Amino acid sequence: HEEALKAFGSAIKHNKKFSDAYYNAALVYRDLAKKTKDKKHLDKAIADLKTATTVNAEHQFAHNELAQIYQELNQHEQAIIRYRLALEIDPKMCDGWNNLANLYTKIGQTLKAQQALNQAIACKPNSTYAHMNLGLNYLKDDNYEMAIKEFNNVITIQPTHELAYFNIGY
């Protein structure tokens, strides 16, 4: 980790507007935070991601990464804003749609989660993950017909997906 951070620091020293260097340093700090449980590393990751998006407002990956951190910290409004920024820049960022849907599900906004999952499916139609989560969201809304349709989509894509069969039986 130290060598990587040193290299990114050198890159930033030579070019203060090198958003990818800030972004990659943030990924290293985030990894360090996960491994050491030291909040100062997470704070540095957040600071570097904010700098990356200040230097380059179009850095969708930095917005998405920052949104994930905010989501983990239960700062839901901030997370939604960052996911939305990332998806505005790159509407085909399937992971961003899935992440946003997970957040909406977590905070009980199933309709918004379903809309985000439909976007995830539009950019990656064979995503068992998105179809499964959409089915589970329909279940939460007692829309059994649509839930079964989504679980069957999962089975069509991956015939050995035991959880899809289980959810149909549930």
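Which hand does the crossing of H9 and H10 have? The crossing is left-handed, and the tour returns to that pair at its last stop.

**Before starting**

The model is predicted, so local features are given only at pLDDT of at least 70 and side-chain atom pairs only at pLDDT 80 or more, while totals for chains, interfaces and linings use all residues. Residues are numbered from 1 along each chain as its sequence is written, and side-chain values use heavy atoms, with hydrogens and water left out.

**The whole chain**

Display the C-alpha trace of the protein, which spans about 60 × 30 × 25 Å along its principal axes. Colour by secondary structure: there are 10 helices and 0 strands. Helices (H or I, at least four residues) and strands (E, at least two) are DSSP runs numbered from the N terminus. Buried residues make up 45% of the 170 residues; buried means under 20% relative accessible area, exposed over 50%, and partly exposed in between, with a 1.4 Å probe and protein chains only. Of the contacts with a separation of 6 or more, 44% join residues 24 or more positions apart, a contact being heavy atoms within 4.5 Å.

Select residues 19-36, helix H2. Its 18 residues reach 25 Å from the first C-alpha to the last, close to the 26 Å expected at 1.5 Å a residue; the expected span is 1.5 Å times one less than the number of residues. Show the side chains of its buried residues, among them Tyr22, Ala26, Tyr29 and Ala33. The buried residues of H2 pack against helix H1 (2-14), H3 and helix H4 (60-72). An α-helix has 3.6 residues a turn, so residues three or four places apart point the same way.

Lys37 has a positive phi of about 60° although it is not a glycine. At a relative accessible area of 70%, Lys37 is exposed.

**Ala45 in H3**

Select Ala45, in helix H3 (residues 39-55). Is Ala45 buried or exposed? Its relative accessibility is 0%, so Ala45 counts as buried. Beyond residues up to four places away in sequence, Ala45 touches Ala26, Tyr29, Arg30 and Ile69.

**H4 against H6**

Two packed helices are described by the angle between their axes and the distance between the axes. Show H4 with helix H6 (residues 94-106): their axes come within 11 Å and cross at roughly 20°. Axes are lines fitted to C-alpha atoms, for helices over the stretch in contact, with angles from 0 to 180 degrees between N-to-C directions. H4 and H6 are therefore roughly parallel to each other; angles under 35 degrees count as roughly parallel, over 145 as roughly antiparallel, 65 to 115 as roughly perpendicular and the rest as oblique. Asn64, Gln68 and Gln71 of H4 meet Gly96, Asn99, Asn102, Leu103 and Lys106 of H6.

Select Gln114 in helix H7 (residues 110-123); it is buried, at a relative accessible area of 8%. To which side chain is the side chain of Gln114 joined by a polar contact of 2.9 Å? The partner is Asp141. A polar contact is a pair of N or O atoms within 3.5 Å; within protein, one must be able to donate a hydrogen and the other to accept it, and residues adjacent in sequence count only if both atoms are side-chain atoms. A polar atom of the Gln114 side chain also lies 3.5 Å from the backbone oxygen of Asn137.

Centre on Asn137, in helix H8 (residues 128-140) and buried at 3%. Apart from neighbours within four places in sequence, Asn137 contacts Thr105, Thr110, Ala113, Gln114 and Leu117.

Asp142 lies in the loop between H8 and H9. Its phi is positive, near 60°, in a residue other than glycine, and Asp142 is exposed at 51% relative accessible area.

Finish with helix H9 (residues 144-157) and helix H10 (residues 162-169), whose axes come within 9 Å and cross at roughly 155°. That angle makes H9 roughly antiparallel to H10. The contact is made by Phe151, Asn152, Val154 and Ile155 of H9 and Ala164, Tyr165, Asn167 and Ile168 of H10. Their crossing is left-handed, a term used if the near helix is turned anticlockwise from the far one by less than a right angle, and right-handed if clockwise.
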